[in-house]
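Let's walk through this structure together, going from the overall layout to particular helix pairs and then to the charged side chains that join them. Keep the view open as you read.

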Amino acid sequence: MMAERTTTSRRERLRQATLEEIHAAVRRLLVTQGSAAVTINAVAREMGMSGPALYHYYAGHDDLVGAVTADFFRELATAMERARDAHADAQVGERILAACRAMRAWAIAHPAEFGWIFASPIAPPNRQRDSARHQAAQRFEQVLLDLTVELWRTRGFPVPDLVDLPSSLREQLTAYSADIDGRLPPEAVHVFLTCWIRLYGLLCMEVLHQLDFAYSDLEPVFEECLRDLAGMLALDHSGRPFPRTRSSEAGR
């Protein structure tokens, strides 16, 4: 029995080592040649194995893409969590801004990986809630969501009146609020998602070089964006709260 467990453990270690090598090969191809170069046969050649041999580890291209995407999401989430935790004694707004800055730092240091996870369609198998990709993406999503929930519960921030929003938007915000177990009400979800869209949109434009025609240094533009987002959350640019107003009492 002991010999059997030892053999199984050795097989598992060898398999894990091979999976890590496969993921490293995907990353090299992605960074040096672009996402189109990441095919089963190309990865197999990079590994020095046959294409069919790779199917012992992944069912196909979509399965491989989902696994590597999960790796990238976990890496990005870890960078944001470390930045958040480095300010563990700071106010929640300061931790929000630290996490946002960490996201940008990772994105500009890993443009190919950022483009891979955010600028590509999600293959159907990776939309499943039990997929590695979905679970890793949720971990990433939770970093800013958890901080926003903490801010909402401790201080609140200005929110729109739901009746002033289009009915389709209200329905979608209500659905997302339910999806996150009501941790933010629909009107606070609207603010959270608006902040996310602004942040994500600017990072995509920077990483994909869509603003090179005007800017050679986007850090001041990013900081200006953070200043705007902080204002939406009733924070100053340092992440410290503004004095309470009637609208900011809404989350209490």
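**Salt bridges and helix packing**

E150 is partly exposed, at a relative accessible area of 30%; here buried means under 20% relative accessible area, exposed means over 50%, and partly exposed lies in between, computed with a 1.4 Å probe on protein chains only. The model is a predicted one, in which local features need pLDDT of at least 70 and side-chain atom pairs count only at pLDDT 80 or more, while totals for chains, interfaces and linings use all residues. Residues are numbered from 1 along each chain as its sequence is written, and side-chain values use heavy atoms, with hydrogens and water left out.

Back to E150, then: what does its side chain meet in a salt bridge? The partner is R95, with 2.9 Å from N to O; a salt bridge is a side-chain nitrogen of Lys or Arg within 4 Å of a carboxyl oxygen of Asp or Glu. This pair links distant parts of the chain, since E150 sits in helix α7 (residues 132-154) and R95 in helix α5, 55 residues apart. R95 counts as buried, at 12% relative accessibility.

Now step back to the whole fold. The protein chain has 10 helices and zero strands, where helices (H or I, at least four residues) and strands (E, at least two) are DSSP runs numbered from the N terminus. Of its 252 residues, 42% count as buried. Among contacts between residues at least 6 apart in sequence, 66% join residues at least 24 apart, a contact being heavy atoms within 4.5 Å.

Axes are lines fitted to C-alpha atoms, for helices over the stretch in contact, and angles run from 0 to 180 degrees between N-to-C directions. On the α5 side you will find L97, C100, R101 and R104, which meet E219, F222, E223 and L226 in α10. By class, this contact has four nonpolar, no polar and four charged residues; Ala, Val, Leu, Ile, Met, Phe, Trp, Tyr, Cys and Pro count as nonpolar, Asp, Glu, Lys and Arg as charged, and the others, Gly among them, as polar.

Two of those charged residues, E223 and R101, meet in a salt bridge of 2.9 Å, N to O. The pair spans 122 residues of sequence, from α10 to α5. E223 counts as buried at 17% relative accessibility, whereas R101 is partly exposed at 32%.

Helix α10 has another neighbour to visit. The axes of helix α9 (residues 186-207) and α10 come within 10 Å and cross at roughly 180°, so this pair is roughly antiparallel too. The residues of this contact divide into 11 nonpolar, one polar and two charged.

Finally, turn to E75 and R27, whose closest N and O atoms are 2.9 Å apart in a salt bridge. E75 lies in helix α4 (residues 61-85) and R27 in helix α1 (residues 2-33), 48 residues apart. Both are partly exposed, E75 with a relative accessible area of 28% and R27 at 23%. With E113, they are linked in a network of salt bridges.

Technical notes: Parallel < 35°, antiparallel > 145°, perpendicular 65-115°, else oblique.
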